[in-house]
Amino acid sequence: MMEDGVEREKKIGSAIGIDVRETAGVEPFADALVRHGLSLVRDRVHTLQVNTGYLCNLRCRHCHLEAGPGRREVMSRGTMESVIAFAERFPFPVIDITGGAPEMVRDLPFLIEGISAVAPRLLLRSNLTALAAPERESLLDLCIARRLVLIASFPSTDPSQTDAQRGAGVAAAGIAMLRKLNGAGYGVEGSGLELGIVSNPVGASLPVAQSQAEGKFRRELLRNWGITFNNLYIFGNAPLGRFRKWLTESGNYGPYLRSLADGFNPCTVEGLMCRTQLSVSWDGFLYDCDFNLAAGRYLGGRKTHVSELLRLPPPGSPIEVGDACYSCTVGSGFT
């Protein structure tokens, strides 16, 4: 018998040493959907997110995947070949490469070359510092040549806050790389090279309003460092992985989950990314999203390799949910 979402949540909590009683008083996410007359089901799939692994040069406190320098889970060339074949079988208008730090994956250029031929829009997510390494100059050249959209993670315009979340010196390195990207044409009007910035809160707080944050980022990045960009994306931190452990150890897990639940915005559900996205892990298995990957919730509740999927999940297919989903429905939502 397939276990339900509640039981899986309990097992996940036990596996990382979290007492499930800490969620007491928080309405299960699935129940909140029902109470608002909503269901979280698939629309037509148009985005494939490819997680190349958990290797990263940073060890960020908020990371839902617990990525870091010591992780060995990295996508092999064989799995990349399966992903490329998958992208050739199905028409994905958008392919989104993430990690960890995908720049550190040895065969990343092979993956980029393979899927850039079949995806009209190809995104690469970066923490900026990994891309800044001298040995990755050729990778930046490839991104320019293939017109990749770069999505740069930069938590705050306050360097002290960024360093608190990511480590000493990370803010300065990120600023230097953003300026280099501007110099290469990224984020510059008329260049055709798109640069997005992702910001998430530092600590156990909720994201600020998108419009408010974007204006602040544009003013301060331009005034202080002469940096321009195309789009800003504000997301809440999912209480999973290393962030969940930090919340628990600091006594913030229960209050944080309650604040997410209290901030539930039913208007976000229709536009959630998971409705139109598939996520493939570093070892080639399929999930609804990167957060479900972190939580171990497979697509459709079944472990399916990317090479085995015969058809995309049709509109109306249910999406696996857990209480961490509240982080995607707070504020403007993860859309």
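Modeller: Start with Glu66. At 23% relative accessibility, Glu66 counts as partly exposed. Keep in mind that the model is predicted.

Biologist: Why is Glu66 called partly exposed?

Modeller: Buried means under 20%, and exposed means over 50%. Glu66 has 23%, so it falls in between. Its place is the loop between E1 and H3.

Biologist: What joins Gly99 and Gly100?

Modeller: A cis peptide bond, with omega about 25 degrees. Most peptide bonds are trans. Gly100 belongs to the loop between E2 and H4.

Biologist: How do you know that Arg125 and Asp96 form a salt bridge?

Modeller: Take the closest N and O atoms. They are 2.9 Å apart. The limit is 4 Å, between a side-chain nitrogen of Lys or Arg and a carboxyl oxygen of Asp or Glu. The pair is therefore a salt bridge.

Biologist: Why say that this pair ties parts together?

Modeller: Arg125 is in strand E3 (residues 121-126) and Asp96 is in strand E2 (residues 94-98). The two parts are 29 residues apart in sequence, so the pair ties them together. Asp96 is buried, at 3% relative accessible area.

Biologist: How do you know that Glu137 and Lys180 meet in a salt bridge?

Modeller: The N to O distance is 2.7 Å. The limit is 4 Å, so the pair qualifies. This bridge links distant parts of the chain, with Glu137 in helix H5 (residues 137-145) and Lys180 in helix H7 (residues 170-183), 43 residues apart. Glu137 has 35% relative accessibility and counts as partly exposed. Lys180 has 33% and is also partly exposed.

Biologist: What makes Glu214 and Arg218 a pair?

Modeller: A salt bridge, with the closest N and O atoms 2.8 Å apart. Glu214 and Arg218 are four residues apart in helix H8 (residues 210-225), which means about one helical turn between them. An α-helix has 3.6 residues a turn, so residues three or four places apart point the same way. Glu214 is partly exposed at 21%, and Arg218 is partly exposed at 31%.

Biologist: How many salt bridges does the whole structure have?

Modeller: The search finds 11.

Biologist: Which residues of helix H4 are buried?

Modeller: In H4 (residues 108-116) they are Leu108, Leu111, Ile112, Gly114 and Ile115. They pack against strand E1 (47-51), helix H3 (77-89), E2, E3 and H5.

Biologist: Why is Thr304 called buried?

Modeller: Its relative accessible area is 17%. Buried means under 20%, so Thr304 passes. Thr304 lies in the segment after helix H11 (290-295). Leaving aside neighbours within four places in sequence, Thr304 is in contact with Gly284, Phe285, Leu286 and Leu309.

Biologist: How far is Thr304 from Val280?

Modeller: Their C-alpha atoms are separated by 9.9 Å, and the two residues are 24 apart along the chain.

Biologist: Now the whole chain. How do you know that its radius of gyration agrees with a compact globule?

Modeller: A compact globule of 335 residues would have a radius near 20 Å. The chain has 19 Å, so the value agrees. The C-alpha atoms fill a box of roughly 55 × 45 × 35 Å along the principal axes.

Biologist: What is the chain built from, and what share of its residues is buried?

Modeller: There are 11 helices and eight strands. Of the 335 residues, 53% count as buried.

Biologist: How do the charged side chains divide?

Modeller: There are 35 positive and 35 negative, and the centres of the two sets lie 1 Å apart.

Conventions: Residues are numbered from 1 along each chain as its sequence is written. This is a predicted model: local features need pLDDT of at least 70, side-chain atom pairs count only at pLDDT 80 or more; totals for chains, interfaces and linings use all residues. Side-chain values use heavy atoms; hydrogens and water are left out. Buried means under 20% relative accessible area, exposed over 50%, partly exposed in between (1.4 Å probe, protein chains only). The radius of gyration is taken over C-alpha atoms; the globule rule is 2.2 Å times the number of residues to the power 0.38. Lys and Arg count as positive and Asp and Glu as negative; His and the chain ends are not counted. The place of a charge is taken as NZ of Lys, CZ of Arg, CG of Asp or CD of Glu. Contact means heavy atoms within 4.5 Å.
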